[in-house]
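Morning, everyone. Let me put the chain on the screen and walk through it.

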Amino acid sequence: MMTMTREEIEARVERLGPWFHCIDLGGGLLTKTESAVGEPVEHPRPTWEKVRAALPEEFDGLSVLDVGCNAGFYAVELKRRGARRVLGLDSQRNLVRQALFVRDVLGLDVEYRRMSVYDLDPRELGQFDVTLALGLVYHCKHLVLALERLFAVTRGLLILETAIYPPERSPGSFTYEVGGLQPVLHPLAYVENPGEAKEAIYNWFLPGTEALVALLRNVGFDEVEVFPATQSDRAIFACRKHEAYPDSRWIGYLGASLAVEEGPSHSRPGEVLTFRVRAENTGLARWLRGDDTGTQEASVHLVAHVFGAEGEEPLSWYHAGAYLPGDVAPGETATIEIAMRAPAEPGRYRLEFDMVSEHLAWFEDLGSEVVRHPLTVE
Ligand SMILES: C[S@@+](CC[C@H](N)C(=O)[O-])C[C@H]1O[C@@H](n2cnc3c(N)ncnc32)[C@H](O)[C@@H]1O
């Protein structure tokens, strides 16, 4: 615990203000005694009471990420409930300063960093048993990206609390023809802002409950439970994942880095050639090997295309394919053998290796690079 006198604490509280979170610093000291922007003076305690209903009873040994943590009220509460690791992130520097000050006064082992929700990356931060995104998503101009990033860093449970499209003003969900299909449309309101609007402060979208449930399922959550809120214009969503990483059906999370480790650059016409390709899963989805029919939707295969040495048009598209040795998790690498017949005509060719999630997408179209290999047939 930081040794600060009462006067020093009071002076820092004053200097770091205004405060949105009312946090008890001990000895009868609070971070604030009046409302800053119209929120209840004791905010966020009333919200915390509602959020608790959606949280696990026990936090012992769990890791928790609080995105948009503000001055750290929730991070403090969860650390006190026994969470092993608590990391709070906020995009605004003055709020991270407030959180660090509170942590030091209370002497708690909580980490804080200034970071935007858009920069969440499990390869850097790891994944968390529980992620909190409370009062955050209406501040997100890039709503779907924010939800994808929250999904990626969550191992088990995301608790999302937000203002919603006022149900009494909403037309409700309806079916309507769009592009020859008859999808269900869910209301989601766009908040018009001035050009100079600052993202962390302004509001951008008010999703209806149904729209947010659909979005959360579409970014990959397996279950989304809505907790009834006492205020009709806010809601709490408990979003669960069955697996830490989604599988290769979720093409937004696919990525690969390929290298030819071994294989000929010269051959006779029609000769059977074998290449060894190293494939690293640089995405955030597990690659599924699939069954031996090779046709199973979303199974991931290595594929070789044949081009003329300088040509842009393929001479033979999907010339050969190869299975993975097994499923490949994000961060893992597989070595894949791929056999193919050399072209029958002598000439100079270029092989291009790419991965495919069958029936869904080529990895190149999702932003990964193909690997090129020259081949001369003599
Ligand atoms: C309405 S406050 C909610 C604070 C706290 N979670 C709560 O429920 O009391 C929104 C918080 O999200 C933060 N925020 C806004 N945009 C953000 C972003 N792109 N990335 C991370 N934090 C953001 C703001 O700085 C602010 O602390």
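Before the sheets, one term: two strands pair if DSSP finds at least two bridges between them. Strands themselves are DSSP runs of E, at least two residues, and helices are runs of H or I, at least four residues, both numbered from the N terminus. With that, start at the open sheet S14-S16-S19, three strands with antiparallel pairing. Strand S14 (256–262) and strand S19 (333–341) are its edges; each has a single partner strand, so one side of each is left without a neighbour in the sheet. Neighbouring strands here are turned by 30° against each other on average, direction ignored. Axes are lines fitted to C-alpha atoms, for helices over the stretch in contact, and angles run from 0 to 180 degrees between N-to-C directions.

Some housekeeping. This is a predicted model: local features need pLDDT of at least 70, side-chain atom pairs count only at pLDDT 80 or more, and totals for chains, interfaces and linings use all residues. Residues are numbered from 1 along each chain as its sequence is written.

Stay with S14. It pairs with strand S16 (residues 272–281) in the antiparallel sense, over six bridges. Glutamate 262 has arginine 276 in S16 as its bridge partner.

Now zoom out. How is the chain divided? Domain 1 is 6–240 and domain 2 is 251–377. Those bounds come from an automatic or database domain assignment. The C-alpha centres of the two domains lie 42 Å apart.

Next, strand S17 (residues 300–308). On S20, S17 pairs in the antiparallel sense over nine bridges. Valine 306 has leucine 351 in S20 as its bridge partner. S17 also pairs with strand S18 (residues 314–322), antiparallel, over five bridges. A hairpin of five residues joins S17 to S18. Alanine 304 stands opposite alanine 320 in S18.

S20 pairs with S22 too, antiparallel, over seven bridges. There, glutamate 352 stands opposite arginine 372 in S22. Strand S22 (residues 371–377) also pairs with strand S15 (residues 266–267), in the parallel sense, over two bridges. Serine 267 stands opposite valine 377 in S22.

What follows strand S20 (347–357)? A loop to strand S21 (361–362), and histidine 359 lies in that loop. Is histidine 359 buried or exposed? Exposed, because it has 11 C-beta neighbours inside 10 Å. The scale: buried means 20 or more other C-beta atoms within 10 Å of a residue's own, exposed means 12 or fewer, partly exposed is in between, and C-beta atoms are placed from the backbone. Histidine 359 and threonine 295 are 64 residues apart in sequence, yet 8.2 Å apart in space, C-alpha to C-alpha.

On to another sheet. Seven strands form an open sheet with mixed pairing, in the order S5-S4-S3-S6-S7-S13-S12. Strand S5 (111–114) and strand S12 (223–227) are the edges, each pairing on one side only. Neighbouring strands are turned by 15° on average, direction ignored. Within the sheet, strand S7 (residues 154–163) and strand S13 (residues 234–240) pair in the antiparallel sense over seven bridges. Threonine 162 has alanine 235 in S13 as its bridge partner.
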